[in-house]
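Dear colleague,

Please find below the structure that I am handing over to you. My notes on the search for cavities follow it.

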Amino acid sequence: MTDLYLDIRSVSKHFGELAAVKDVSLQVRKGEVVSIIGPSGSGKSTLLRCINQLEMIDGGEIAIEGKRIIAVEDGDRVKLPEKKVKSGLKKLGMVFQHFNLFPHKSVIENLIEAPMVVDKLRRSEIEPYAQELLSKVGLSDKADAYPNRLSGGQKQRVAIARALAMKPDILLCDEPTSALDPELVGEVLAVLKQLAGEHMTMLVVTHEMSFARDVCDRVVFMDQGHIIEDASPAKLFTDPDHPRIKLFLRKMLLDEAAE
Amino acid sequence: MDYTLQVTAHLLRGCVLTLQIYAVTLIFSIPLAVLCALGRVSGPRALDRVLGFYGWIFRGTPLLLQLFFFYYGLTIFNISLSPFMAAGLTFVLNYGAYFMEIFRGGISSIGAGQYEAAKALNMNYWQTMRRIVLPQATRVVLPPTTNEAITLVKDTALVVVIGMGELLRSAKEIFTRDFTLIPFAVATVIYLLMTSVVIRFFRYLERRMAYYD
């Protein structure tokens, strides 16, 4: 099962009384692009953040390429070998809704920071690759600019390149276009689409129905902390099993048409 | 004119001690305060409490009283510090307390997104602090730190109470001997020169750190 890149089993996450993610299981195979859609507050982002331990789960387990990186049994964290956990987490890259670029570092420095500090690479070893990534996201000319000087779309493309600079196997994207002005959404989606075309494994929380429908291999619908459907876009967008989804899609597609 | 030069020379000798205490205070209190601030922000609650107590004591009592305590007060525990040791210790702990609170605020002003981005890139705690959080916090804390650094120039005059001959005391010595205001005028000029250097230096730092606007 080495092609099973991400294996989420019965994961739960509570915030105090609120159960944000309830007993969710989800598998992503190598090269698959999976989007998570659903109404706000349905636990999509929380689930994504649980994967790379920005949130700590209180039930279930998560494995990356067959190796568990976190497991909770009967409310207790299972002790896992730290090295394996670290190497598992290293296979994950993350793109945030609000970019979270390092404002005191130039674009190229944002890209090479983690490879230099975490992987102890020399600048000369990583910079050519970083430049390559910048040209891939169409920002070669911004290498020496500081994030404050960039548009939202440019910032997010830098953030994608920064995540890719660590050579992740799986890219997690948390509403990558939700903080953007409408006219800047396209340039970011184009980059994600290109990555999908290169068979980057991706899990994308999104409100962009067209992206979910046209680019993704599978679409997962979450509602009130549960996955209520996990299907191909063709199925989910035309003939979902759940009436709740129909309602949601009708509203979203109307909104998109209105724009 | 000769007289004024003589006075100035005498005051500059007093100035040496002022500058020594100034340097010792900044060199030791700033790193101390960075560690204490990190302890308050990311350490266990007990450590936060202890450091909060330290800040409360040293910010809540007069510097003069603290100076008395470390010079005279410690003798009841059979600890006898030289005037310079006592003054250095007092100033480092006192300014450390103020800097700790300033730096704590600066570190807290860095949003959670920066920590999350660093964590998602697999940076550990020290890497995150050293490379991402502290450089940004430094910029935030520069203006209040400048204020403290200016105040410190003048606070050094307090060491006269434990018998040390610094700048202002040298001026007073001449005043009592010759009954002229010239030494105070010269002292005024010297203090202004010293604070100007401090202001210039910090303004230079602020400009250097504004590169990413």
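The lining of the second largest cavity divides into seven nonpolar, two polar and one charged residues. Here Ala, Val, Leu, Ile, Met, Phe, Trp, Tyr, Cys and Pro count as nonpolar, Asp, Glu, Lys and Arg as charged, and the others, Gly among them, as polar. A cavity is a set of points, on a 1 Å grid over the protein atoms alone, where a 1.4 Å probe fits but cannot get out, and lining residues have an atom within 4 Å of a point. Its volume is the space filled by probe spheres set on the points, which are joined across faces, edges and corners.

The model is predicted: local features need pLDDT of at least 70, side-chain atom pairs count only at pLDDT 80 or more, and totals for chains, interfaces and linings use all residues. Residues are numbered from 1 along each chain as its sequence is written, chains are lettered from A and ligands numbered from 1 in the order in which they are written, and side-chain values use heavy atoms, with hydrogens and water left out.

The second largest cavity has a volume of about 40 Å³. Strand β7 (residues 92–95) of chain A gives the most to its lining, three residues; strands (E, at least two residues) and helices (H or I, at least four) are DSSP runs, numbered from the N terminus.

The whole structure holds two cavities of 30 Å³ or more. For the largest, the volume is about 40 Å³, and its lining includes Met94(A), Phe96(A) and Leu121(B). α5(A) supplies the largest share of that lining, three residues.

Yours sincerely

Terms used
1 Å grid on protein atoms, 1.4 Å probe; cavity = no way out; pocket = protein on both sides within 12 Å on 5 of 7 lines; lining within 4 Å.
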